[in-house]
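Here is a structure to look at with some care.

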Amino acid sequence: MIPQDMFITRKNKQTSKVALVVGAQGVIGRNLVDYLTALDDWDVIGLARRDGAPTSRIRYVTVDLLDRDDCREKLSCLTQVTHIFYAAYQDRPTWAELVPPNLAMLVNVIEAVEPIAPDLQHVSLMQGYKVYGAHLGPFKTPARESDAPHMPPEFNVDQQAFLEQRQRGKTWGWSAIRPSVVGGFALGNPMNLAAVIAVYAAISKELGLPLRFPGKPGAYDKLLEMTDAGLLARATVWAATDERCSNQAFNINNGDLFRWDEMWPKIARFFELEVAPPLQMSLDVVMADKEPLWNAMIEKYGLAPHPYQRVVSWGFGDFVFSWDYDMFADGSKARRFGFHEYIDTEVMFLNIFEDFRRRKVIP
């Protein structure tokens, strides 16, 4: 058994809250951990499949969330948890196949922690616009939290239904946070669009090519939005600690809309590339043979030796660039409840690209 004091470094501090961040190494979880550890009144425990670097403010637990017994054993000492932030995700080939593992992971965590954590106050569930059927095709925009559900399967909906049922008669509450595509730094994450664009641009430049938009022709001029990972972290903690937000769902987005035909040239300028007309192509196919080139670029530019397969998920890029319909939601409910932050999406992209360069992920 893991000693309890391994995790709680300031348990005698009256104002201390204890966050359990599930999926702490992903683009959402990593930024949430960074934000929480910057606050004075939080201790943080991170759950992930891979170890993280512990500090005086955070400890990590490596656990197989799909293994009910492993969860019960590894999490059995987390009695002082006050807030659970759930941002774990496992990818599968089809929408139906996504349901069993992603529902099971949430159930395993809650069933392991809730009975032993008497001071539990809140469970935050990270969702997305799949709740509105955004992944299936054109949907009603702007999407609102009150919109009617769509035909299953959909694991986000099943996860929320589980929390709603589990919470009945309990003193803790839940919130469902619904971002758009999230922009931030994380490697080995299957849903990191900024990494897709950055590596695609770097390889295009290395080959002496202009930056072509690779998506469907109809996707280039459609309206969409993104959610900065830092802004998302602040909104998630806000919703988890403001009593008005208990048992509510919130769309969280940057607050602006854009079209790729306007954003793409700005991204190209950052990488000092020309823009050529869009050309539909599957990145998953055309980038499959670029690993030797990437390894040569690591050597040539002194980049961090991240394996090609962990740097980027081309399939996710294909998915986002296939949206030949508007993709945005109404974020006014969060503002009505008291969260007023926003960020310019162009600034977000450029800041992330600069961060990739500082970390020597790209030249």
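Q: What makes strand β6 and strand β10 a pair, and in which sense do they run, parallel or antiparallel?
A: Two strands pair if DSSP finds at least two bridges between them, and β6 (residues 173-179) and β10 share five bridges in the parallel sense, so the term applies. Within this pairing, Ile 177 stands opposite Phe 250 in β10. This is a predicted model, in which local features need pLDDT of at least 70 and side-chain atom pairs count only at pLDDT 80 or more, while totals for chains, interfaces and linings use all residues. Residues are numbered from 1 along each chain as its sequence is written, and side-chain values use heavy atoms, with hydrogens and water left out.

Q: Why is Asn 102 called buried?
A: Buried means under 20% relative accessible area, exposed over 50%, and partly exposed in between, with a 1.4 Å probe and protein chains only. Asn 102 has 0% relative accessibility and therefore counts as buried. Asn 102 sits in helix α3 (residues 95-113), where helices are DSSP runs of H or I with at least four residues and strands are runs of E with at least two, numbered from the N terminus.

Q: What makes the approach of Asn 102 to the backbone oxygen of Gln 90 a polar contact?
A: A polar contact is a pair of N or O atoms within 3.5 Å, of which, within protein, one must be able to donate a hydrogen and the other to accept it, and residues adjacent in sequence count only if both atoms are side-chain atoms. A polar atom of the Asn 102 side chain lies 2.9 Å from the backbone oxygen of Gln 90.

Q: Which domains is the chain divided into?
A: An automatic or database domain assignment supplies the bounds, giving domain 1 (17-181 + 228-252) and domain 2 (183-225 + 256-359). Their contact, meaning heavy atoms within 4.5 Å, takes 36 residues from domain 1 and 31 residues from domain 2.

Q: Why is the link between Glu 341 and Arg 234 called a salt bridge?
A: The term requires a side-chain nitrogen of Lys or Arg within 4 Å of a carboxyl oxygen of Asp or Glu, and the closest N and O atoms of Glu 341 and Arg 234 are 2.6 Å apart, so the pair qualifies. Across the interface of domain 1 and domain 2, two salt bridges are found. On the side of domain 1 that touches domain 2, α1 (27-37), α6 (229-241) and β10 each supply at least two residues.
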